[in-house]
Amino acid sequence: MPPAERLDMARNVATDDIAILIPAAGASSRMGGRDKLLEQVDGTPLLARQVARALATGAEVLVTVSQDHPARKAALAPLASARLHLCEIDGREGMAVSLREGAAWAIERGLSALMVVLADMPELETEDFTALLDAATEAPGSVIRAASATGVAGHPVIIPQRLFEGLRSVTGDAGARGVLQGEQVRLTPRSGNRAVTDLDTPEDWARWRAARR
């Protein structure tokens with residue numbers, strides 16, 4: 001079998017066994033009343049853009065959305081599919097509640113790993129997600145993390161099944177940092193700063209848009 005066909009088969013196995021979690025229940029508290037996940041990127045709300053790119057991998061995608069932000073759920077309506085799952089949560093606690101929900105969902109489905117994709121990183125592409133899926137196929141059971149081209153650790157992160165129980169007990173807004181402490185993380189460098197560019201304030205968005213002109 002040619003190497004390209006073997007790679008495609010490996011990716012299909014990973015896609016069947018690894019789902020993508022996109023936490024989208026945050027308050028956008030630093031945006032001065034704007035919702036960063038509804039900011040337009042190439043004519044598409046950022047959240048819809050991220051979800052569309054995640055779905056393009058062929059993986060199951062779980063998006064946690066806050067009951068306080070119905071417009072986010074509405075932005076995802078055109079992407080409805082059997083592989084897109086929405087979970088409405090109380091997002092006031094921060095990232096932890098999304099991780100707990102994602103871990104419980106992954107355990108229920110018998111997944112081998114969960115890729116956590118932050119929703120406010122507008123430079124991520126489908127190829128970044130598939131690169132991590134390929135890395136997870138080569139190193140099952142490992143923590144896989146995207147990095148900038150210069151090796152700065154970023155996102156997404158693939159968390160293996162053996163850490164799901166730890167995710168179910170996280171609290172606050174520190175994400176999975178405590179669960180990943182002490183793990184040997186395999187970095188997967190991506191082009192430029194795609195893995196580390198996140199936009200949290202109107203000033204961040206203005207600078208980023210100016211740089212794209």
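Here are some numbered notes on this structure, starting with how it was made and then going through its parts.

1. First, the ground rules. This is a predicted model, where local features need pLDDT of at least 70, side-chain atom pairs count only at pLDDT 80 or more, and totals for chains, interfaces and linings use all residues. Residues are numbered from 1 along each chain as its sequence is written, and side-chain values use heavy atoms, with hydrogens and water left out.

2. Start with the sheet. Seven strands form an open sheet in the order β5-β4-β1-β6-β8-β7-β9, and the pairing is mixed. At its edges sit β5 (84–89) and β9 (185–189), each of which pairs on one side only. From one strand to the next, the twist averages 25 degrees. A word on terms: strands (E, at least two residues) and helices (H or I, at least four residues) are DSSP runs, numbered from the N terminus, and two strands pair if DSSP finds at least two bridges between them.

3. Now look at β6 (residues 113–116). On one side, β6 pairs with β1 (residues 18–24) in the parallel sense over four bridges. You can find I18 opposite A113 and L21 opposite V116. β6 is also joined to β8 by four bridges, but here the strands run antiparallel; M115 stands opposite I158 in β8.

4. Which way do the side chains of β6 point? A113 and M115 point one way, L114 and V116 the other, and all are buried. Buried here means under 20% relative accessible area, exposed means over 50%, and partly exposed is in between (1.4 Å probe, protein chains only).

5. Helix α5 (residues 126–138) lies across β1, β6, β7 (143–147), β8 (153–160) and β9, and runs at about 45 degrees to β8. Angles go from 0 to 180 degrees between N-to-C directions, using axes fitted to C-alpha atoms, for helices over the stretch in contact. Within α5 you'll find D128. D128 counts as buried because its relative accessible area is 0%. D128 touches E123, R190 and R194, leaving aside residues up to four places away in sequence; contact means heavy atoms within 4.5 Å.

6. Helix α4 (residues 95–109) has 15 residues and spans 21 Å from first C-alpha to last, close to the 21 Å expected at 1.5 Å a residue. That expected span is 1.5 Å times one less than the number of residues. Its buried residues are A96, V97, S98, L99, G102, A103, W105 and A106. Among the elements covering them are β1, β4 (61–66), β5, β6 and α6 (164–167). Just after α4, G110 takes a positive phi of about 70 degrees.

7. How enclosed is helix α2 (residues 46–55)? Eight of its 10 residues are buried, so α2 is largely enclosed by the rest of the structure. The buried ones are L46, L47, A48, R49, Q50, V51, A54 and L55.

8. Next, the largest pocket, which holds about 1,000 Å³ of space. It is lined by 38 residues, with K36, M95, L118, D120 and D173 nearest its centre. β1, α4, β8 and α7 (177–180) each supply at least two residues of the lining. The pocket comes from a 1 Å grid over the protein atoms alone: a pocket is an open set of points where a 1.4 Å probe fits, with protein on both sides within 12 Å along at least five of seven lines, and lining residues have an atom within 4 Å of a point. Its volume is the space filled by probe spheres set on the points, which are joined across faces, edges and corners.

9. Two backbone spots deserve a look. Most residues other than glycine have a negative phi, and most peptide bonds are trans. D42, though not a glycine, has a positive phi of about 55 degrees. D42 is in the loop between β2 and β3 (44–45), and counts as exposed because its relative accessibility is 59%. The other spot is the peptide bond from H155 to P156, which is cis, with omega near 10 degrees; P156 belongs to strand β8.

10. Last, G26, in the loop between β1 and β2 (40–41). Is G26 buried or partly exposed? G26 counts as partly exposed, because its relative accessibility is 39%. G26 touches H69 and R72, not counting residues up to four places away in sequence. G26 and V170 are 144 residues apart in sequence, and 16 Å apart in space, C-alpha to C-alpha.
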